[in-house]
Amino acid sequence: MSVMTTTGDQADSLRQLATTVKKQRKATVLATDGKEAKGIRVISVTSGKGGVGKSNVVVNLALALAQRGQKVLVIDADLGLGNIDVLLGITPDYNLNDVFAGKRRLDEIVVEGPDGIKIIPAGSGMPEFTTLGLQERVKIMDELDALEEEFDLLIVDTEAGISENVTYFNTASQEIVVVVTPEPTSITDVYALIKLLATRYAERYFKVLVNMARDTDDALQVFAKLSNVTSRFLDISLDYLGCVLKDDSVVEAVKIQKPVLELYPEAPASSCFNTLARRILENSGDRKLKGNVQFFFRRFLGVGTENV
């Protein structure tokens, strides 16, 4: 059984998230004065299909946030086909496979990218989930304390689609950003993902980022199409985060394995990433009451959340 293949009991526990997590959220995130505790902000970036430029969005968005003084940690959560390191031209010595196999601590696999962003790289495959005993899982959890104190933002690059892997990471994050392109298949597939997260896991809040748009009007039309269908069939809140324009500079930057924001800071796409980063920071109070990074990793590792 792979790391993301759940047993019947695990699947049932995920479906019960909507009714069990509310109490945990209030206990773990709210400060004594009723305001939200600062903590690390956990944002998942996800998509209904591959080929929409999601990982490239993550890399450049992380860089734009770092340039605004944020301490950013990126986790490559495409556990079978991770490519954040490839986009940055980085060759990590270790990855999450080594952590799950007990060969390295979590802090030993973190690598540094441009402008001080840190990356937890994924590997090319995962060991059996059953090779991790409770003691090993708890050990990994203990190592997260130092990481949480070190960062302002954790950005999770999920794999594409509607696998159990994707639902784990999205339901454990405080904010969900869905990446969609103007292609009809992309709109259809991202709707399927939103529908799954809403109907099975009780997720109600989504931000939409339109990538590879011809212009802002094109992006708004994509959002309108998606918003129209979700409003007819789903009881959710869908917010427009913004867009990234289709830009040849992005293609060139990918070839050179550098973020477009670093290589071509004046490019139209770079301007879009700066705008997106500004909006995310302006809306820092949007995060839902889902707990902190400890809660996030406990959900992923299968460690109980009752004491988070």
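N60 sits in helix α3, which covers residues 54-66, and the model you are looking at is a predicted one. Is N60 buried or exposed? Its relative accessibility is 0%, so N60 counts as buried, given that buried means under 20%.

What does N60 touch, once its neighbours within four places in sequence are set aside? The contacts are P259, V260, L261 and F273.

Now let's move to helix α11, made of residues 248-256. Which residues of α11 are buried? They are S249, V250 and A253. Viewed down the axis of α11, these buried residues fall within an arc of 100 degrees, so they line one face of the helix.

The buried residues of α11 pack against α3, α12 (260-263) and α13 (268-282). Recall that α3 is the helix in which N60 lies.

Finally, have a look at both ends of α11. D247 caps the N-terminal end, with a side-chain oxygen 2.9 Å from the backbone nitrogen of S249. Just after the helix, Q257 takes a positive phi of about 65 degrees.

| Side-chain atom | Backbone atom | Distance |
|---|---|---|
| D247, oxygen | S249, nitrogen | 2.9 Å |

Terms used: Residues numbered from 1 in each chain as written. Predicted model: local features only at pLDDT ≥ 70, side-chain atom pairs only at ≥ 80, totals over all residues. Heavy atoms only, no water. Helix = DSSP H or I, 4+ residues; strand = E, 2+ residues; numbered from the N terminus. Buried < 20%, exposed > 50% of the residue type's maximum accessible area, 1.4 Å probe, protein only. Contact = heavy atoms within 4.5 Å. Arc of directions from axis to C-beta. Polar contact = N/O pair within 3.5 Å; in protein donor to acceptor, adjacent residues only side chain to side chain.
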